[in-house]
Amino acid sequence: MQAAKKGAYNAFFGLMGQLITIALGIIIPRLVVLSFGSEVNGLLNSMTQIFVCFTLFEAGVGVASLQALYVPVANDDKKSICSIIKATHDFYFKMGIVYASAVTILSLVYPLVVKMKIPYWEAALIIFLGGIGNSLNFLYQGKYRILLQAEGYTYVTTNIATIIGILASGVKLLLLLKGFGVIAVQLSFFLINVLQMIIYYVYVRKHYGWVNLKVEPDTGAISQKNAALVHQVASLIFTNTDVLLLTFITRNLKMVSVYTMYNLVITYVNVLLQQVSTSCDFRLGQMFNTDKKQYLVLHHIFEIIYLIFVFSAMTLVYIFILPFMHLYTAGVTDTNYINKYYPLAFVMVPLLTYGRGAASGAINYAGHFEQTKWRAVAEMIINLTVSIVAVWKFGIFGALMGTVVASLYRTNDIILYVYKYLIPGKAITTYKRWIASFMLFACYVAFVNNDNPKFDSYISIVGYGIVHAVVVILSYTLIQALLNPRERKEFCSIMAGYYRKWRNGKVGHEEGDN
């Protein structure tokens, strides 16, 4: 029950936090475009992607540390936990210094490489202020964030991120409405990052006073960080190649702005989906290493539920992203943001990548980073090769083409690997679930008009979106329930067990009160 409660908290606070962040975050880019133009918006978004790539300085230690912590956390072995956290701290601190140096160099070089009308020193300061705050994650809170995630308290880090997100968006909104320049907006972002570090410091002092960073570091526990690095490099390149290639090959920041406007919606929905996944990671990771039989039951249930969430979310994005974009970019005249083929092209990537979440999780829980690293490299090479060739001719569609082709390879590879080495059964079990979901998605694409002129306000989009969401979620749930009767019965049995425990606990409290 305690694990279920943590999972529920992780999912609830994660979803609520992201909804708040999304509501605020959607407003800011439009104001940036209207206030500073598409070129500044393109600069800010391309910088964001580069800073995401800079998280490579983490060098895989975060993923390796999380996997190493599952067993000692499950056994409440504080001595081992401290040794792993100490090793993580030492590595993070060194990388924090390297990260800050890289941000400084980038801020000086980038304005010389990309053509823009923005003055050199202004562009350099925009870049520096936008990236230097992230070094605080390496220097202080990174190790504690991983410990909280391993213990199932992801909702704590989520709530901190939500508070920071609300403050950051609120301050940006106020500065933009008051007519302040982009330098002031970036400076506010840096100062709020400092505040985030202070919040972590206060929380850790209160709840994790037992963590001792003066112990001997257990570097062996995170020995797979180099193999995990390969996976992280591949993942980051896979996720961020599009913006970088559009920036440096086309050198057209307005095209980058168009891409990032559509990708903004996709990114926010993806973050919501990740909240569903990460809310269960801690328990699945612990169970994989301590109770494999029970894990196998939950693996299939989680895969089905996650497929329902992914396909439902992306179906709704396909239907409503174009009407939303008509409203969102109204008044922006320096470039065209509307293309009827963009919705399908953009949703194909998350359908393929996030739908494989359950299988990817099994590889991470097992710590099979070394065994699968070259498969991840193959995905990276395919993505880069196809994208570089296609971007020259097809622009945004070319960038997406490379990502889709790489996703097709890697998703199939992950599914086949997991069934061969990590869980019993046949891959056709998962493929049936995918095929059914894609067939239903194809029906929505064929028969639903995704450029309906009656959506003349955000309220109408939300209203129709709620109605469509009920229908879409029920349709995907129904088809998976019919296709997976055993998992349906197991899920109902688990939920009934939780309900009985909750009722017994409630009755016990009432009797005690009497």
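Colleague: How do the axes of helix α6 (residues 135-151) and helix α7 (residues 154-177) cross?

Modeller: In this predicted model, they come within 7 Å and cross at roughly 135°. Axes are lines fitted to C-alpha atoms, for helices over the stretch in contact, with angles from 0 to 180 degrees between N-to-C directions. Helices are DSSP runs (H or I, at least four residues), numbered from the N terminus.

Colleague: So why are α6 and α7 called oblique to each other?

Modeller: Under 35 degrees is roughly parallel, over 145 roughly antiparallel, 65 to 115 roughly perpendicular, and the rest oblique. Roughly 135° is what α6 and α7 have, so that pair counts as oblique.

Colleague: Which residues make that contact?

Modeller: R145, L148 and Q149 from α6, with T154, V156 and T157 from α7. A contact is heavy atoms within 4.5 Å. The residues split into two nonpolar, three polar and one charged.

Colleague: What makes α5 roughly parallel to α8?

Modeller: Helix α5 (residues 120-132) and helix α8 (residues 182-207) pack at about 20°, axes 8 Å apart, and that angle therefore makes them roughly parallel. On the α5 side the contact uses E122, L125, I126, L129, G130 and I132; α8 brings V182, I183, Q186, L187, F189 and F190. By class, that gives nine nonpolar, two polar and one charged.

Colleague: Why is the pair of F311 and F438 called edge-to-face?

Modeller: Ring centres within 6.5 Å make a pair; planes under 30 degrees apart are stacked, over 60 edge-to-face, the rest tilted. F311 and F438 sit 5.0 Å centre to centre with 90° between the planes, hence edge-to-face. F311 is in helix α11 (residues 292-328) and F438 in helix α16, so the pair ties together parts 127 residues apart in sequence. The structure holds 20 aromatic pairs.

Colleague: Which elements have the lowest and the highest mean pLDDT?

Modeller: Helix α1 (residues 2-36) is lowest at 66, and helix α16 (residues 428-447) highest at 93. That's the predictor's confidence per residue, from 0 to 100. The chain averages 81, with 89% of residues at 70 or more.

Colleague: What ground rules apply?

Modeller: Local features need pLDDT of at least 70, and side-chain atom pairs count only at 80 or more, while totals for chains, interfaces and linings use all residues. Residues are numbered from 1 along each chain as its sequence is written, and side-chain values use heavy atoms, leaving out hydrogens and water.

How values were computed:
Helices (H or I, at least four residues) and strands (E, at least two) are DSSP runs, numbered from the N terminus. Ala, Val, Leu, Ile, Met, Phe, Trp, Tyr, Cys and Pro count as nonpolar, Asp, Glu, Lys and Arg as charged, and the others, Gly among them, as polar. Rings of Phe, Tyr and Trp (its six-membered ring) pair if their centres lie within 6.5 Å; planes under 30 degrees apart count as stacked, over 60 as edge-to-face and the rest as tilted.
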